[in-house]
Amino acid sequence: MGHMTTSGRLLAAQGARLRANWPAVLLPLVAADTLGLFVGPAPLWLFIGAAVLAFLAPKEGARLTPFAFLAYGVYGLFLFHSLSFWSPQLVVYGFVHSGPNDNAGWVPFQAVAFLAAGVWLLAVTGAPGGAAVRRAAAQLRGTDGQPKTVPPLLLLLVIFLWEEVFSGQLWFSYGQKPHVVAIILFAAGVALVRLWPRAAAVVAVAGIVSFGIVGVLVTVHGSLLNDGDPTPTVFGAVALDDGGNLNALGLIQCLALAGLGCALAPRLLTWKGDAELAKRAQALTQRVGRLTQTRSDATEVAVAELRRIERDLHDGAQARLVAVGMSLRAAEELMPANPEAALALVAEARETSSRALDDLRGLVRGIYPPVLADRGLADAVRALAIDAPLTVDTDITLTAEPSMPVAAAVYFAIAEALTNAVRHAGADTVQIGIGYSDGMLRATVTDDGQGGADPSVGTGLSGVERRLATFDGILAVTSRVGGPTIIVIEVPCALPHVAGAEDGGWTEVVRSSG
Amino acid sequence: MRVVIGEDLFLLRDGLVRLLEAHGFEVAAAVGSAPELLRALTELKPDIGIVDVRLPPTFTDDGLRVAIEARRACPGLPLLVLSQYVEQLYARELLADQAGGVGYLLKDRVFSDAAFADAVRDVAAGGTVLDPEVVSRLMTKRTRSGPLAALTPREREVLSLMAQGRSNAAIAAKLFITEKAVTKHAAGIFANLGLAPSDDDNRRVLAVLAYLNS
């Protein structure tokens, strides 16, 4: 930026501001059109004024632009309605028409386009009223982002109303009270939308498509419905002029309508309506309920764990360390007078510290066994199998390591199942299998004991079940009396960690260098 | 006797050096990480290596892996493995090569100087010294048709003490029986387990442990 002159830098800054407030750029164009409306070939000063405003105060210009568009659109509609077909003021709007015999059916659509652009600009710029537009749009979209049926039907009805109000005649004439008929049709349409949304969607699509298709057909084959009567105004106004000549832009309009209908059709026809929404809402509510439950379970379990640890530490290791301190203090005092007694106390202190270490080891095992942290789930379960007082066969086919919380939950579940097999089932052999498929980690503990296990009777399995539920896991117990007991644990999880990846490969490095 | 020590906690490493030197050992190297330890063991070829399971870089079971790797490079290299916690699984891995000269102890056992020094000498001589906790869990493997079921309770006691590395005399003293009774029980153990008798006590214990661990 240093090589630019001051004016250059100023322009660059100005350009940046304009880009940031890009609607302001449109302001001079709209101003030019508006001029045309009022005074035909325009004095330049209004245009220049708008351009200067856009350049010097783009933010304010951007704020004005949506309103300029809206005003332009509204004015165009009234113009079309109140004036005869051709007038100098329509030059700007109907710049494609040049003579009194030309229809100006194109005008309402242009006007509506300007209105729509004005509304959209309101929504996207920081203009006042934009927030209201955004809220209304969100409302129309519905809570789950699916469009409601209202917009398409509304579009159809607006087309009806429009053509009726502005061109004076309906597609098939209903005599002297076309306005009343339009209102009745509108009310009927709204009722249809509320009661049978899907049917309403079908009607809307059919209406839009048929407008387009029939319009094309009328263009190609002349009057379709009447013989000699003026062609239906809706289509005649757009596709053919009074002389029966082709109006290319009107034809494009019909094709656009047909295309719009076809584009909307799949979306509307597959939309399930309120019943589906209600079902999804119910499913979501259930899921939220379950998540709330498992979350509170998880926090309860965590707190209970911490209290257990605190209690174990207090009653176990802490108590022993206090005893060690006392023994050593007593030894200190006895040392000068009675060295043998002091020596005995010191030996006792050493013994007590050993016990304290035992306590801590047991506690750590209950929180997170070191072998599980160091080696992972597979080896930890194998260690469990080896340590168990009965024969335990393992069949573990894991190629990767689940995340630590899942591994811990599954480990403790298997440990509990194994303990039950030892303590309650009186079994001889136990088989433990762990596998992973389709995003599900599955573990089974089968023992050949007497069966009859009842999870609701304080076997510790209910606690394990709650812990697994935090991960959306389940625990199932099959235990016929006299027969084997099979405990199945399933937890959905991903297996991102490759076992042994933390080795760092240093053994290879040393071997190759040594 | 030359010793190599692998221990990352400075205080404990220093303490071990002092203890061993006080008992007449020569500390050839005292290192604090797994790669250094592997190099020291394979290059210096000491009479015994004292290895902590948990070492840098990963602080999981690096020391254990060094032990197994070193014994693969130098078969029969006596190693005494120390740990804050003992796992049967690790004991199995250490005993798998059946080459003798393996010790696996809780760090707590270091508290008793003389016993520790004895264990070091036992392992250096090719013996097997397992922590009582490991042995007790091995012994409580209750299997109706398993090998231990064939032994009498007294035989189980003797076997357990042998696996802990006690001499026949020590076993006799502990169980308040004569040494001859201990030898008789040992013979009974091997007979009941169907193992060939052998003169070498160490090999016998090893054979039994390997058998039980399989």
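1. Conventions. Residues are numbered from 1 along each chain as its sequence is written, while chains are lettered from A and ligands numbered from 1 in the order in which they are written. As the model is predicted, local features need pLDDT of at least 70 and side-chain atom pairs count only at pLDDT 80 or more, whereas totals for chains, interfaces and linings use all residues.

2. The sheet of chain B. Chain B holds an open sheet of 6 strands in the order β2-β1-β3-β4-β5-β6, with parallel pairing. Helices (H or I, at least four residues) and strands (E, at least two) are DSSP runs numbered from the N terminus, and two strands pair if DSSP finds at least two bridges between them. The edge strands are β2 (26–31) and β6 (128–130) of chain B, each pairing on one side only. On average, neighbouring strands of this sheet are turned by 15° against each other, direction ignored.

3. One strand pair in that sheet. Strands β4 (residues 79–83) and β5 (residues 102–106) of chain B run parallel and are joined by 5 bridges. Leu79(B) has Val102(B) as its bridge partner in β5(B).

4. Helices on the sheet. Helix α1 (residues 10–22) of chain B lies across β1 (2–6), β2 and β3 (48–52) of chain B, and runs at about 175° to β2(B). Helix α3 (residues 62–73) of chain B lies across β1, β3 and β4 of chain B, at about 170° to β4(B). Axes are lines fitted to C-alpha atoms, for helices over the stretch in contact, and angles run from 0 to 180 degrees between N-to-C directions. Two residues are in contact if their C-beta atoms, placed from the backbone, lie within 7 Å.

5. Helix α9 of chain B. This helix (residues 179–193) has 15 residues and reaches 21 Å from its first C-alpha to its last, close to the 21 Å expected at 1.5 Å a residue; the expected span is 1.5 Å times one less than the number of residues. The buried residues of α9(B) are Val182(B), His185(B), Ala186(B) and Ile189(B). Seen down the axis of α9(B), these buried residues fall within an arc of 105°, so they line one face of the helix; the arc is that of the directions from the helix axis to the C-beta atoms. The face turned away from the buried side of α9(B) carries the exposed residues Lys180(B) and Ala191(B). A residue is buried if 20 or more other C-beta atoms lie within 10 Å of its own, exposed if 12 or fewer, and partly exposed in between, with C-beta atoms placed from the backbone.

6. Packing of α7 and α9 in chain B. The axes of helix α7 (residues 153–163) of chain B and α9(B) come within 9 Å and cross at roughly 100°. The two helices, α7(B) and α9(B), are therefore roughly perpendicular, a label that covers 65 to 115 degrees. On the α7(B) side, Arg154(B), Glu155(B), Val158(B) and Leu159(B) meet Val182(B), His185(B), Ala186(B), Gly188(B), Ile189(B) and Asn192(B) in α9(B).

7. Arg166(B). This residue is found in the loop between α7 and α8 (168–175) of chain B. Arg166(B) counts as buried because it has 20 C-beta neighbours inside 10 Å. Leaving aside residues up to four places away in sequence, Arg166(B) touches Leu161(B), Ile171(B) and Lys174(B). The C-alpha atoms of Arg166(B) and Asp122(B) are separated by 9.2 Å, with the two residues 44 apart along the chain.

8. Chain A overall. Chain A has 19 helices and 7 strands. Of its 514 residues, 28% are buried. Among contacts in chain A between residues at least 6 apart in sequence, 65% join residues at least 24 apart.

9. Strands of chain A. Strand β1 (residues 391–396) of chain A runs parallel to strand β3 (residues 429–437) of chain A, with 6 bridges between them; Val392(A) stands opposite Val430(A) in β3(A). β3(A) is also joined by 8 bridges to strand β4 (residues 440–447) of chain A, which runs antiparallel. The hairpin of β3(A) and β4(A) has 2 residues between the strands, and Asp438(A) in the turn has a positive phi of about 55°.

10. Between the chains. Helix α16 (residues 377–387) of chain A and helix α4 (residues 88–95) of chain B have axes that come within 8 Å and cross at roughly 90°. That makes α16(A) roughly perpendicular to α4(B).

How values were computed:
Angles under 35 degrees count as roughly parallel, over 145 as roughly antiparallel, 65 to 115 as roughly perpendicular and the rest as oblique.
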